[in-house]
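Biologist: I have the sequence and the structure open. Can we go through a few parts of it?
Modeller: Go ahead and ask.

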Amino acid sequence: MKKTIFFALTIALIITLTIVMISSQKEKKSFNIDQNLEYCVAQANKTLSVLPDSLGIPRNVAPGSKDWNLVGYKDWTSGFWPGILWYLYEYTGDEVWKEKADKYTRFLTPLSVRSATDHDLGFQVYCSFGNGYRLTKNQEFKDVILKTSDTLATLYNPKVGTILSWPEMVKKMNWPHNTIIDNMINLEMLFEASKNGGNKSLYDMAVKHAETTMKNQFRKDYSVYHVVVYDTVTGKKIKGMTHQGYADNSMWARGQGWAIYGYTMVYRETKDPKFLDFAHKVTKVYLDRLPKDLIPYWDFDVPNVTKEPRDASAAALVASGLIELSTYTKDKALAKTYLDKAEAMLAELSSKRYQSGNANPAFLLHSTGHYPNKSEIDYSIIYADYYYVEALLRLKKLKSGKDIFAPFQRNKAIATKK
């Protein structure tokens, strides 16, 4: 009797495992770059159909809602929506997307002529005007990039060697000169400006910022502090801490993502091998600690982590960074690992578990913005969508044997119909 029960249970287990494996393989095979780019086109069309004429910019959608919360051009996320539109224009070749991208990009023009209130000018202007200039070579876009880069440079402290991230925190939190890891992404605009008529000092600032951050912002295991506070007189590091992570000594998922993406970009712009080596190191600690499905919880060190919210934005960001990093990696096995991981991340993000579908007009569900502040927890967030479509487009170019930064040329005869 016991043998019969054991045999039956064994057969049932085998059948269950087989079904799971078949289901998993079916979903893996179903990952199709074009299909998911077309999905982004369809979702973005939904968003365009409901946006007001007042040019409100999509930022997030709350769980259970179908409506975007809109922001103005001053919000730090304002550049991601026009950036998405530029990527969709690049993918489809459809002039309608170019027209919309141009419209929302120009809405951010005042950022180039106002004083710097924080470090986010790179996010705001390079994601929008930067992508626009890459695809159109419009001189007006170039001028905005140059002006805004000069504005961002006013936050640079030569004694410290970094750009001040949050001026308002100087008095509010008594952080004399504070630099957050997110600031690495803004360096791309400075590099671009220095190559296109801007002052050479912009390049030097960007490099020094990356070097100083590399020296002071990371722990021995290469996990990152979200914030480092410096003495403005001596330039010395006062302390490393968190603002959006679980604890000062924890690895906040998106923060590590900014490091991976940022140092990969700095190597691209400088070709200095120390930055490539560092990109590998900050990537390893992230990949080594990921859950099996490759989508991180919002912080790697929060207690009872498996019960915590995920952060799809970190996954999309890292996937895009890994695709680029794979192209610079001389170790072929490691390069393949990076690319395989990136594709697996995108496959999971493209599953029903993470795509918004009919739930709302965003691309992705389950991002976490600022958990300690109880802000944007388990939301759809615009920057997750931006890095998702960027990663898909980069992967498509790479698999086609093309430069991931060169404008993608698509036969307009097969472009997506509206």
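Biologist: Leaving aside neighbours within four places in sequence, which residues is Leu187 in contact with?
Modeller: This is a predicted model, to begin with. In it, Leu187 is in contact with Ile163, Ala206, His209, Ala210, Met265 and Val266, once neighbours within four places in sequence are set aside.

Biologist: And which members of the largest nonpolar core touch the most other members?
Modeller: Trp81, Leu187 and Tyr387 do, in a core of 125 residues. Another core, of 7 residues, lies apart from it, and Ile180, Val227, Val229 and Met241 are among its residues.

Biologist: Why would such residues sit together?
Modeller: Nonpolar side chains tend to be buried together in soluble globular proteins.

Biologist: Helices next. How do the axes of H2 and H3 cross?
Modeller: H2 covers residues 33–50 and H3 covers residues 80–92; their axes come within 11 Å and cross at roughly 130 degrees. The two helices are therefore oblique to each other, and H2 passes H3 in a left-handed crossing.

Biologist: Which residues meet there?
Modeller: From H2, they are Asp34, Leu37, Glu38, Cys40, Val41, Ala44, Thr47 and Leu48. From H3, they are Trp81, Leu88, Tyr91 and Thr92. You have met Trp81 already, in the largest nonpolar core.

Biologist: What about H9 and H11, at what angle do they pack?
Modeller: About 45 degrees, with the axes 12 Å apart; H9 is residues 200–216. Val207, Ala210, Glu211 and Met214 of H9 make the contact with Lys274, Phe275 and Phe278 of H11. H9 and H11 are therefore oblique to each other, and the crossing is left-handed.

Biologist: Now Asp311. Where is it found?
Modeller: Asp311 is in the loop between helix H11 (273–288) and helix H12 (312–328).

Biologist: Why does Asp311 count as buried?
Modeller: Because its relative accessibility is 0%, and the cut-off for buried is under 20%. Beyond four places in sequence, Asp311 touches Arg254, Ile295, Pro296, Tyr297, Trp298, His366, Ser367 and Thr368. Its side chain also makes a polar contact with the side chain of Ser313, at 2.5 Å.

Biologist: One more: is Trp252 buried or exposed?
Modeller: Trp252 is buried, at a relative accessible area of 4%. It lies in the loop between strand S7 (237–241) and helix H10 (253–270).

Biologist: How far apart are Trp252 and Asp299?
Modeller: They are 47 residues apart in sequence, but 4.3 Å apart in space, C-alpha to C-alpha. Asp299 is one of the residues in contact with Trp252, and others include Trp258 and Trp298.

Conventions: Residues are numbered from 1 along each chain as its sequence is written. This is a predicted model: local features need pLDDT of at least 70, side-chain atom pairs count only at pLDDT 80 or more; totals for chains, interfaces and linings use all residues. Side-chain values use heavy atoms; hydrogens and water are left out. A nonpolar core is a set of buried Ala, Val, Leu, Ile, Met, Phe, Trp, Tyr and Cys residues joined through side-chain atoms within 4.5 Å. Buried means under 20% relative accessible area, exposed over 50%, partly exposed in between (1.4 Å probe, protein chains only). Contact means heavy atoms within 4.5 Å. Helices (H or I, at least four residues) and strands (E, at least two) are DSSP runs, numbered from the N terminus. A polar contact is a pair of N or O atoms within 3.5 Å; within protein, one must be able to donate a hydrogen and the other to accept it, and residues adjacent in sequence count only if both atoms are side-chain atoms. Axes are lines fitted to C-alpha atoms, for helices over the stretch in contact, and angles run from 0 to 180 degrees between N-to-C directions. Angles under 35 degrees count as roughly parallel, over 145 as roughly antiparallel, 65 to 115 as roughly perpendicular and the rest as oblique. A crossing is left-handed if the near helix is turned anticlockwise from the far one by less than a right angle, and right-handed if clockwise.
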